Amino acid sequence: MQLSSNASGRIVALDLGEVRIGVAISDEGRVISRPLEIVPSAGLEMYLEALLRDQGVAEVLVGVPKTLGGDIGFQARRVLDKLHDLKDVFPGVEFVEWDERLTTRIVSTGRAAKGGRRKERGGKTSERVDHLAAAQMLREYLERRRGI
């Protein structure tokens, strides 16, 4: 993994799902990570274009959900294919791959421990934590950049 040395502009983190995408953003000083929103997967390019322009984003962190063994499985391959497409659409933007295995589970477990609310959806209990997972991923990345 190569960490960026570019120190200007915000960093956006994307937790790419098939249906929705969790988005988080850093402050301008690249110290604080905060969840931004959950957006539909359809129209990602238009959304990202506006975000890059309006928020002064210089770098995009994309979570790659590797297997527990660190391999590239089906979901990770799908994310890497989408990442390749994004690099073609935004050639001047720096995209960084980030191993995000277990990020959603960490966030979900933390919310459950704090008494977070769950929503019933499609007969299964699920939480909308995609933007929180993106923020966790971004927090880890920012800490790694600072050597923490």
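**Getting to know the fold**

Student: Are Trp98 and Tyr141 buried or exposed?
Tutor: Relative accessible area decides: under 20% is buried, over 50% exposed and in between partly exposed, using a 1.4 Å probe and protein chains only. Bear in mind that this is a predicted model, where local features need pLDDT of at least 70, side-chain atom pairs count only at pLDDT 80 or more, and totals for chains, interfaces and linings use all residues. Residues are numbered from 1 along each chain as its sequence is written, and side-chain values use heavy atoms, leaving out hydrogens and water. As for Trp98 and Tyr141, both are buried.

Student: What kind of aromatic pair do they form?
Tutor: Rings of Phe, Tyr and Trp (its six-membered ring) pair if their centres lie within 6.5 Å; planes under 30 degrees apart are stacked, over 60 edge-to-face, and the rest tilted. Trp98 and Tyr141 sit 5.4 Å centre to centre with 80 degrees between the planes, which makes the pair edge-to-face.

Student: How many residues apart in sequence are the parts that this pair ties together?
Tutor: Helices (H or I, at least four residues) and strands (E, at least two) are DSSP runs, numbered from the N terminus. Trp98 is in strand 5 (residues 94–99) and Tyr141 in helix 4 (residues 130–146), so the parts tied together are apart in sequence by 43 residues.

Student: Which strands stand at the edges of the sheet?
Tutor: Two strands pair if DSSP finds at least two bridges between them. The open sheet has 5 strands in the order 3-2-1-4-5, with mixed pairing. The edge strands each have a single partner, so one side of each lacks a neighbour in the sheet; they are strand 3 and strand 5.

Student: At about what angle does helix 4 run to strand 2?
Tutor: Axes are lines fitted to C-alpha atoms, for helices over the stretch in contact (heavy atoms within 4.5 Å). Angles go from 0 to 180 degrees between N-to-C directions. Helix 4 lies across strands 1, 2, 3, 4 and 5, and its angle to strand 2 is about 40 degrees.

Student: How many residues does the largest nonpolar core have?
Tutor: A nonpolar core is a set of buried Ala, Val, Leu, Ile, Met, Phe, Trp, Tyr and Cys residues joined through side-chain atoms within 4.5 Å. Leu14, Val60 and Phe95 are among those with the most contacts inside the largest core, whose count is 23 residues.

Student: Which residue's backbone oxygen does the side chain of Ser41 reach?
Tutor: Ser41 is in the loop between strand 3 (33–40) and helix 1 (44–55), and is buried at 18% relative accessible area. A polar contact is a pair of N or O atoms within 3.5 Å; within protein, one must be able to donate a hydrogen and the other to accept it, and residues adjacent in sequence count only if both atoms are side-chain atoms. At 3.1 Å, the side chain of Ser41 reaches the backbone oxygen of Glu18.

Student: And which residue's backbone oxygen does the side chain of Arg30 reach?
Tutor: Arg30 lies in the loop between strand 2 (20–26) and strand 3, buried with a relative accessible area of 5%. At 2.6 Å, its side chain reaches the backbone oxygen of Gly9.
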